[in-house]
Amino acid sequence: MALRTLASRKTLAAAARPLASAVSASRGVTTFTLPDLPYDYGALEPAISGEIMRLHHQKHHATYVANYNKALEQLDAAIAKGDAPAVVHLQSAIKFNGGGHVNHSIFWNNLKPISEGGGEPPHGKLGWAIDEDFGSFEALVKKMNAEGAALQGSGWVWLALDKEAKKLSVETTANQDPLVTKGANLVPLLGIDVWEHAYYLQYKNVKPDYLSNIWKVMNWKYAGEVYENAAA
């Protein structure tokens with residue numbers, strides 16, 4: 001049980017490591033810090049308001065990081081004691097809060113101010129792959145918007161690279177489940193947060209409007225770089 005748990009913890013930690021700074025706690029437990037945004041809170045307006053970005057980053061993402069670190073420290077103590085029930089009990093907190101940290105770290109990089117190229121359609125290898133696997137860029141956007149709007153409750157809609165099939169796919173995950181929970185072969189290129197906290201202050205209950213407007217600040221350059229690295 002302990003070996004499986006450690007492997008699970010390392011998988012989720014590895015997914016977060018390239019996305020945010022990690023520091024070692026005094027007892028040797030790897031913990032994580034809230035990453036800075038690569039733009040100002042108001043830089044994505046009018047697509048996403050500065051108020052939403054500030055709350056989303058400083059409150060929601062920060063809470064996931066704090067609770068993820070707490071769960072990792074508790075897990076380390078439980079393993080040291082050989083407390084198998086406690087180890088099992090902590091898995092849901094690690095998945096939820098660790099997933100929240102991983103997902104949001106990707107999400108911030110998926111966005112870019114219009115003045116810096118946000119919203120410009122994908123070019124190069126990723127653009128060609130989108131045309132091949134979905135027919136057109138417009139067809140991809142339509143599919144992701146439909147999947148996101150249809151997602152019941154809270155969750156995420158993803159553009160992923162399936163490294164085994166060597167094809168792009170659109171995936172959804174519930175709550176804060178990271179894409180890796182659907183298969184280690186899936187690489188997240190672009191993720192859209194469809195939790196209400198990502199849009200409700202601005203768009204109220206009209207989620208389709210949020211989904212339509214977020215493409216105006218999408219960072220396809222970043223997605224393209226992730227694609228080329230993963231496909232190499």
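Reader: What covers the buried residues of helix 8?

Author: In this predicted model, the cover over the buried residues of helix 8 includes helix 4, helix 6 (137-150), strand 5 and helix 7. The buried residues themselves, within a helix that runs over residues 207-214, are Lys207, Tyr210, Leu211, Asn213 and Ile214.

Reader: Why is Asn97 called buried?

Author: The relative accessibility of Asn97 is 8%, and the term buried applies under 20%, so Asn97 counts as buried. Asn97 has its place in helix 4, which spans residues 91-109. When its neighbours within four places in sequence are left aside, Asn97 is in contact with Thr63, Tyr64, Asn67 and Tyr68.

Reader: Which residues does the UniProt annotation "binding site" cover?

Author: According to the UniProt record, an unreviewed entry, the annotation covers His56, His104, Asp193 and His197. Such annotations may be inferred rather than shown by experiment.

Reader: How do you know that these residues cluster in space?

Author: They are spread over 142 residues of sequence, and yet the largest C-alpha distance is 12.3 Å. Contacts of His56 can be set beside this distance: with residues up to four places away in sequence not counted, His56 touches His104, Asp193 and His197, along with His61, Phe107, Trp108 and Ala198.

Reader: Why is His56 called buried?

Author: His56, placed in helix 2 (residues 50-81), has a relative accessibility of 1%; as the limit for buried is under 20%, His56 counts as buried.

Reader: Is His197 buried or exposed, and what makes it so?

Author: His197 is placed in the loop between strand 5 (186-193) and helix 7 (200-203). The relative accessibility of His197 is 17%, a value under the 20% cut-off, and therefore His197 counts as buried. Beyond its neighbours within four places in sequence, His197 is in contact with Ile52, His56, His60, Tyr64, His104 and Gln176.

Reader: What makes the side chains of His197 and His56 a polar contact?

Author: The pair is given at 3.2 Å, and a polar contact requires N or O atoms within 3.5 Å, one able to donate a hydrogen and the other to accept it; the side chains of His197 and His56 therefore count as a polar contact.

Reader: What makes strand 4 and strand 5 the edge strands?

Author: The open sheet has 3 strands in the order 4-3-5, with antiparallel pairing. Strand 4 (167-174) and strand 5 each pair on one side only, and they are the edge strands. Neighbouring strands of this sheet are turned against each other by 25 degrees on average, direction ignored.

Reader: Why is the meeting of Asp177 and Lys95 called a salt bridge?

Author: The side chains of Asp177 and Lys95 meet at 3.7 Å, N to O, and the criterion is a side-chain nitrogen of Lys or Arg within 4 Å of a carboxyl oxygen of Asp or Glu, so the pair counts as a salt bridge. The pair links distant parts of the chain, since Asp177 lies in the loop between strand 4 and strand 5 and Lys95 in helix 4, 82 residues apart. The structure holds 3 salt bridges. Among them is that of Lys182 and Glu171, at 3.1 Å.

Reader: Why is Glu171 called buried, and why is Lys182 called partly exposed?

Author: Glu171 has a relative accessibility of 17% and counts as buried, because buried means under 20%. Lys182, with a relative accessible area of 41%, is partly exposed, because that class lies between buried and exposed, the latter being over 50%.

Reader: Why is Lys166 called exposed?

Author: The relative accessible area of Lys166 is 71%, and exposed means over 50%, so Lys166 is exposed. Lys166 lies in the loop between strand 3 and strand 4 and has a positive phi of about 60 degrees although it is not a glycine. Most residues other than glycine have a negative phi.

How values were computed
Residues numbered from 1 in each chain as written. Predicted model: local features only at pLDDT ≥ 70, side-chain atom pairs only at ≥ 80, totals over all residues. Heavy atoms only, no water. Helix = DSSP H or I, 4+ residues; strand = E, 2+ residues; numbered from the N terminus. Buried < 20%, exposed > 50% of the residue type's maximum accessible area, 1.4 Å probe, protein only. Contact = heavy atoms within 4.5 Å. Pairing = 2+ DSSP bridges. Axes fitted to C-alpha atoms, helices over the stretch in contact; angles between N-to-C directions.
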